[in-house]
Amino acid sequence: MRVSKEYLCGLPCAPVPHSALLPLIKWAGGKRWLLPYLLPLMAPYRGRRLVEPFAGSMALALAFRPQRALLCDRNPHVMNFYRWVQRGFTLSIPMENDRDLYYAHRERFNQLIREGREDSEEAALLFYYLNRTGYNGLCRFNRKGEFNVPFGKYRAIPYERDFTPYRQLFKHWEFLTGDFETLPLEEGDVLYLDPPYDVEFTAYTKETFGWEDQVRLAEWARCHRGPVILSNQATPRILALYESCGFTIYTLWAPRRISCNGDRAKALEVLALRGL
Ligand SMILES: C[S@@+](CC[C@H](N)C(=O)[O-])C[C@H]1O[C@@H](n2cnc3c(N)ncnc32)[C@H](O)[C@@H]1O
């Protein structure tokens, strides 16, 4: 399928309300920029449970603020962090934008992982600090399973020190770690699916969410009886996949660029809707 202008947007767009909470963490592929489109789509489903199987920084959940939500991600550290925000932190670690402190905290975080204590409160706080202070908010591990992101290059970092508004919001939210397909869905759930982007040419990179996973997701999503919103990179095969699964397709330009034959081409994003 050709990606052409006739797919370009046509969706309602509205400003993000002041009540939206900001993501606590930096996350590759975070969708704050999509909120003006996502929130109007979500508006009719305010009373329903929101399910985000690819939660990451939870940009949508934090802005939409549903009463009930089921949030999942395969990254155990980010979900552990949210669970501790929900319980309430008691322990405090020094948080400064300082190279020596960063590497000391990184070493301690890796020690906790080695000791099998990655679900501890201390690991959650260290994860938050490393995410805010490390290079570009990356979350990267070496072959030995050690977090190996270098110190970041920020002038100043606004560390959150009062998590109370988040704790209150998380009261009736559930946080799970694992693959999207393991989620216990209810018929009326409204689903927002934001998987890792489909990258068609991955000869030099190790795929962690390959094409077979994209297909598995589309087939899982088509079986859900409630409303589903999906975002992804608008590659021709993603458009064809969701169209064949009965989704209505919209595309819009994303505020990022992708490498394309040495070029830095504008990236086209797809919003695919079903049951709305
Ligand atoms: C594009 S990001 C989601 C970003 C999120 N919507 C936000 O606003 O920050 C994709 C997420 O999917 C997670 N992920 C990758 N494979 C997964 C799987 N099989 N099941 C669940 N989550 C997965 C990644 O850890 C990552 O956080």
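User: Y102 and F151, are they buried or exposed?
Analyst: Both Y102 and F151 are buried, where buried means under 20% relative accessible area, exposed over 50% and partly exposed in between, with a 1.4 Å probe and protein chains only. This is a predicted model, in which local features need pLDDT of at least 70 and side-chain atom pairs count only at pLDDT 80 or more, while totals for chains, interfaces and linings use all residues. Residues are numbered from 1 along each chain as its sequence is written, and side-chain values use heavy atoms, with hydrogens and water left out.

User: How many aromatic pairs are there?
Analyst: The count comes to 25 aromatic pairs, taking rings of Phe, Tyr and Trp (its six-membered ring) with centres within 6.5 Å, where planes under 30 degrees apart count as stacked, over 60 as edge-to-face and the rest as tilted.

User: What geometry do Y82 and F170 have?
Analyst: Y82 and F170 form an edge-to-face pair, 6.1 Å centre to centre with 90° between the planes. The pair links distant parts of the chain, with Y82 in helix 3 (residues 76-87) and F170 in the loop between helix 6 (164-169) and strand 3 (173-177), 88 residues apart. Helices (H or I, at least four residues) and strands (E, at least two) are DSSP runs numbered from the N terminus. Y82 and F170 are buried.

User: And which kind of pair do Y102 and F151 form?
Analyst: Y102 and F151 form a tilted pair, 5.7 Å centre to centre with 55° between the planes. Y102 lies in helix 4 (residues 99-114) and F151 in the loop between helix 5 (121-133) and helix 6, so the pair ties together parts that are 49 residues apart in sequence.

User: Back to helix 3, what do its buried residues pack against?
Analyst: The buried residues of helix 3 pack against strand 2 (69-73), helix 4, helix 5, helix 6 and strand 3, with contact meaning heavy atoms within 4.5 Å. Among these buried residues are F81, Y82 and W84.

User: What follows helix 3?
Analyst: Helix 3 is followed by G88, whose phi is positive, near 105°.

User: New topic, which residues come nearest to the ligand?
Analyst: Of the 21 residues around the ligand, W27, S57, D73, D179 and D194 come nearest, a residue being near if one of its heavy atoms lies within 4 Å. A polar side-chain atom of W27 lies 2.7 Å from an oxygen atom of the ligand, and a polar side-chain atom of S57 lies 2.5 Å from an oxygen atom of the ligand.

Key: Polar contact = N/O pair within 3.5 Å; in protein donor to acceptor, adjacent residues only side chain to side chain.
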